[in-house]
Every structure is written in structure tokens, then in C-alpha cells.
Amino acid sequence: MRYEFPKERLRFSAPRNWSQSPGAPPLVAVVVSGRATVAIWRYPRRERLPTTQEELKNARAQLIDVARTRDRTLAIQLSRLVTVGGAPGVQLLADETIAGQARRVRSTHIFDQGAEYVVDASAPANVFAAVDRMVFAPLLASVRAGRVPHRRT
């Protein structure tokens, strides 16, 4: 199912059988099925967004530092530079603790449209790979920041 958020300049697709609910800024939306969750955030930025390889590498280092400060149990499995919907980004895959629960999280930070969009996809580690392949990866591939036309009713 396609979801559009014109005010946030964001759209993405998620499975029809997953429940979706809008959030209060900076949270755009949450998509959930069982213990698997995707939370999508939009943080407006006044500073220049990273675009070069060097700037993105610095952003990645800063994200890792902030994440480790917030969660001492954090164990990063992977960090890489990515492109999502034509926009540059940084992706971290980590095992962490959320609300007292051990989770594997793929956190993708996309820099576009004067904002940092964050797609946090999480599930228990023992089911993460399957949910990632079937839902998280296709959802992330569908994310587009930019002009979203209002639908006519």
C-alpha cells in the first residue's frame, strides 16, 4: 500500500497487512506487524546537508558516536553509505536495546529536501533477516523524499 505525506514531503509503500499510523512531528509514521516495526522520522535541518563522500563519512562517524552514547549495549554489525531514492544517506545495522527489549535495527538516514529522514526498521534478531528481506528492504527502496501531490477526493 502506498502512503503519502505531502506536508513532510515523503512517500513510501508498505504491505497492506501491516498497520500504519501517523505520528506527531518529528515522527512521520509507524508501520507495524507483530514485533516488527518501521518508524519514519523527518528532522528539518538548517545546516548544509552532507553530500560528498567525505561529508557522509563524517556524518556516519557522528551517528555512531551518538548511537553509542544513547545505548551502551549497542553492537554495530554494519555501517555504510547508501543512496535511497536518489538521495545520499548513511545506514547502520546494529543490535541494541529498545524499551528493555533486545532488537536488531537497520537505521537509514537520508539527507534530502532540507531534512534528515530516518527510517528505523527493527525486529527481534531471530526474525530480522526474514522480515528485512520481505518487508524492510522493499519499504526502504520505495521511500521518496520530495514533492508529494495532494490527492483529490
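Contact here means heavy atoms within 4.5 Å. This is a predicted model, in which local features need pLDDT of at least 70, side-chain atom pairs count only at pLDDT 80 or more, and totals for chains, interfaces and linings use all residues. Residues are numbered from 1 along each chain as its sequence is written, and side-chain values use heavy atoms, with hydrogens and water left out.

**T37 and F136**

T37 sits in strand β5; strands (E, at least two residues) and helices (H or I, at least four) are DSSP runs, numbered from the N terminus. Leaving aside neighbours within four places in sequence, T37 contacts V30, V31, V32, R103, D120, A121, S122 and F136. T37 and A123 are 86 residues apart along the chain, yet their C-alpha atoms are separated by 6.5 Å. T37 is partly exposed, with a relative accessible area of 21%. On this scale, buried means under 20% relative accessible area, exposed over 50%, and partly exposed in between (1.4 Å probe, protein chains only).

F136 touches W18, A36, T37, V38, A121, S122, A123, F128 and V131, not counting residues up to four places away in sequence.

**Nonpolar cores**

A nonpolar core is a set of buried Ala, Val, Leu, Ile, Met, Phe, Trp, Tyr and Cys residues joined through side-chain atoms within 4.5 Å. The largest has 29 residues, and F12, F136 and V143 touch the most other members. Helix α2 gives the largest share of this core, 6 residues. Another core, of 8 residues, lies apart from it; L56, L63, V90 and F111 are among its members.

**Salt bridges**

The structure holds 6 salt bridges. Each is a side-chain nitrogen of Lys or Arg within 4 Å of a carboxyl oxygen of Asp or Glu. Three of them are listed here.

| Pair | N to O distance |
|---|---|
| R45 and E47 | 3.8 Å |
| R48 and E55 | 2.7 Å |
| R106 and D132 | 2.7 Å |

R106 lies in strand β8 and D132 in helix α2, so the pair ties together parts that are 26 residues apart in sequence. Both R106 and D132 are buried. Shared partners join R45, E47 and E116 into one network of salt bridges. R45 is partly exposed, at 29% relative accessibility. E55 is partly exposed too, with a relative accessible area of 27%. R48 is exposed, at 58%.
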